[in-house]
Amino acid sequence: MSADTVPDAEPDLDGAPDLDADWGPVTGWGRTAPTAARLIRPRTYEEAAVAVRDCGARGGIARGLGRAYGDAAQNAGGAVLDMTALDRVHAIDVGGGTVLCDAGVSLHRLMEVLLPLGWFVPVTPGTRYVTVGGAIGADIHGKNHHVSGSFARHVLSLELLTADGAVRTVTPGTPLFDATAGGMGLTGVILTATLRLQPVGTALMSVDTERAADLDDLMARLTAGDHRYRYSVAWIDLLARGAAMGRAVLTRGDHAPLDALPAGSRARRQPLAFRTSRLPAAPDFLPGGLLSRTTVGLFNELWYRKAPRAGRGRLQRISTFFHPLDGVPHWNRVYGRGGFVQYQFVVGHGREEALRRIVRRISDRRCPSFLAVLKRFGEADPGWLSFPVPGWTLALDIPAGLPGLGTFLDELDEEVADAGGRVYLAKDSRLRPELLAAMYPRLDDFRALRAELDPRGVFVSDLARRLAL
Ligand SMILES: Cc1cc2nc3c(=O)[nH]c(=O)nc-3n(C[C@H](O)[C@H](O)[C@H](O)COP(=O)(O)OP(=O)(O)OC[C@H]3O[C@@H](n4cnc5c(N)ncnc54)[C@H](O)[C@@H]3O)c2cc1C
């Protein structure tokens with residue numbers, strides 16, 4: 001479609017440009033643990049190369065839209081390369097369903113460009129305000145993991161700026177690809193990627209909803225029915241106790257075919273129009289105590305009750321189905337200035353007892369969490385630090401100021417590790433390093449590749465220092 005060129009193999013560093021750079025505080029989406037860094041915003045591949053060459057003793061790390069909850073895209077006292085100015089869509093193969101774009105392009109932008117052409121991103125997380133670089137760096141998963149795997153499965157190739165200043169073309173099936181997919185930016189800066197896309201007939205979803213009375217009922221429904229749907233996720237009430245522990249609202253669906261849209265409707269006339277809605281942004285001065293057990297308990301009760309016991313084929317916009325929170329800009333401020341922790345773990349099939357124990361502990365602990373989801377993962381992908389393994393993943397938000405939270409989550413980490421599970425690095429801000437090797441068995445391969453590729457440790461982040469990645 002367009003004809004921009006991909007970067008040269010060796011960027012020309014003569015007459016190095018002035019970089020757009022400034023010192024400032026950087027945090028993840030959870031707004032905990034801000035650290036100061038030199039924020040550099042490269043506008044060209046050459047500027048990115050200069051930034052990497054000159055990032056100094058504290059090194060540098062790439063950053064996308066900062067939607068990782070913890071400290072993955074920050075680097076205390078060093079450089080942080082904000083990649084969002086490199087946001088061109090270079091070429092779309094409309095017949096074959098591939099796109100070549102810069103790593104700073106957001107999934108939101110890709111949806112705007114691709115949906116009218118009948119294509120959708122292969123994997124989307126719960127927000128579309130993530131970049132392609134961030135999606136590969138964390139090897140993100142979506143509601144379709146049980147069918148489509150994680151994001152990197154759909155990457156045909158990528159261009160990686162490495163610590164020596166070279167730009168390498170990296171393809172699946174190579175160690176460098178497996179270290180980069182889920183490698184949290186620590187192998188280098190992704191400049192471009194070519195992605196395989198998902199064909200769609202409309203920009204609407206056909207959604208089935210059902211309620212599950214408790215955790216066992218939920219797991220049984222997910223196990224029995226997920227194969228019938230491309231997308232599946234359950235919102236789970238972690239404040240419910242006793243017989244209702246783990247009660248949930250299960251939503252599953254697929255892209256609606258054209259003939260599912262009512263004849264004569266606006267949607268039928270413009271079936272591929274990408275429509276979103278936006279409410280006013282959350283203000284920055286909300287008190288931290290807004291999300292108490294009482295308010296969250298009330299919210300959960302209403303949410304559960306308002307869901308149909310069994311709804312079939314309801315049409316929803318893509319934005320409503322996948323990204324309900326994107327409608328409220330800066331929704332992360334509702335947790336107040338103290339911020340919040342997102343805790344996400346996975347345990348394998350056969351470890352349901354560990355999942356039950358952890359859910360019981362969370363609901364006994366009365367954590368005021370209204371954003372909790374349970375999902376069943378399918379086959380893992382080869383990324384060495386990629387998070388998904390076949391099994392059960394639970395994600396929940398918890399206000400960071402909750403008394404005793406650190407100790408409580410440390411205990412959950414132990415449970416997860418004992419069950420052979422792992423926590424998700426893109427959400428993490430507090431895991432202790434000694435548990436990491438048990439959770440990620442390819443950690444030593446990752447460390448060895450990094451030591452060879454980047455002997456001076458140019459690429460580093462707060463996450464990498466904390467966990468000795
Ligand atoms: C509301 C919400 C819902 C979410 N839902 C999900 C979900 O369903 N599934 C899921 O998997 N995740 C989910 N996430 C997490 C999010 O998808 C990931 O953290 C993702 O990596 C964020 O992308 P980003 O562009 O904001 O990257 P950042 O947060 O800025 O960076 C994340 C990591 O990617 C690296 N990185 C970024 N750009 C590059 C680049 N150009 N080259 C190399 N490395 C790079 C960074 O160094 C860092 O390690 C959610 C986050 C939010 C806020």
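Let me start with a term. A polar contact is a pair of N or O atoms within 3.5 Å; within protein, one atom must be able to donate a hydrogen and the other to accept it, and residues adjacent in sequence count only if both atoms are side-chain atoms. Here is a case: the side chains of Thr180 and Thr187 make a polar contact of 2.9 Å.

Now the ground rules. This is a predicted model, where local features need pLDDT of at least 70, side-chain atom pairs count only at pLDDT 80 or more, and totals for chains, interfaces and linings use all residues. Residues are numbered from 1 along each chain as its sequence is written, and side-chain values use heavy atoms, with hydrogens and water left out.

Back to Thr180. It lies in helix α5. Helices (H or I, at least four residues) and strands (E, at least two) are DSSP runs, numbered from the N terminus. Is Thr180 buried or exposed? Thr180 counts as buried because its relative accessibility is 3%. The cut-offs: buried means under 20% relative accessible area, exposed over 50%, and partly exposed in between, with a 1.4 Å probe and protein chains only. Contact, by the way, means heavy atoms within 4.5 Å. Setting aside neighbours within four places in sequence, Thr180 is in contact with Ile136, Gly137, Leu158, Leu160, Thr187 and Ile190.

Ile190 takes us to the ligand. A nitrogen atom of the ligand is 2.8 Å from a polar backbone atom of Ile190. How much of the ligand does the protein bury? Taken alone, the ligand exposes 970 Å², and the protein buries 96% of that. Those areas come from the Shrake-Rupley method with a 1.4 Å probe; for residues, only the protein chains shown count as cover.

Who lines the ligand? 33 residues surround it, and the closest are Ala62, Gly64, Arg67, Thr131 and Tyr424. A residue counts as near if one of its heavy atoms lies within 4 Å. By class, that shell has 20 nonpolar, 10 polar and three charged residues. For the classes, Ala, Val, Leu, Ile, Met, Phe, Trp, Tyr, Cys and Pro are nonpolar, Asp, Glu, Lys and Arg are charged, and the others, Gly among them, are polar. Which elements supply at least two shell residues each? They are β3 (60-63), α3 (132-137) and β10 (189-196). β3 gives the most, with three residues.

Next, the interior. A nonpolar core is a set of buried Ala, Val, Leu, Ile, Met, Phe, Trp, Tyr and Cys residues joined through side-chain atoms within 4.5 Å. The largest has 109 residues, and Leu110, Phe151, Leu218 and Leu469 touch the most other members. Helix α11, residues 405-418, gives the most to this core, with six residues. A second, separate core has 18 residues, including Ala48, Leu81, Leu191 and Phe459. Look at Leu218. Not counting residues up to four places away in sequence, Leu218 touches Ala212, Ala234, Ile236, Gly246, Ala248, Leu250 and Leu374.

On to His145. It sits in helix α4, residues 145-148. His145 counts as buried because its relative accessibility is 1%. Its side chain reaches the backbone nitrogen of Gly378 at 3.0 Å. Beyond four places in sequence, His145 touches residues including Lys375, Phe377, Glu379 and Asp381.

Most residues other than glycine have a negative phi. Met184 is not a glycine, yet it has a positive phi of about 55 degrees. Met184 is found in the loop between α5 (175-180) and β10. Met184 is buried because its relative accessible area is 9%. Ala468 also has a positive phi, near 50 degrees. Ala468 is in the segment after α14 (462-467). With a relative accessible area of 45%, Ala468 is partly exposed.

Last stop, Leu204. It lies in strand β12, residues 204-212. Leu204 is buried, at 15% relative accessible area.
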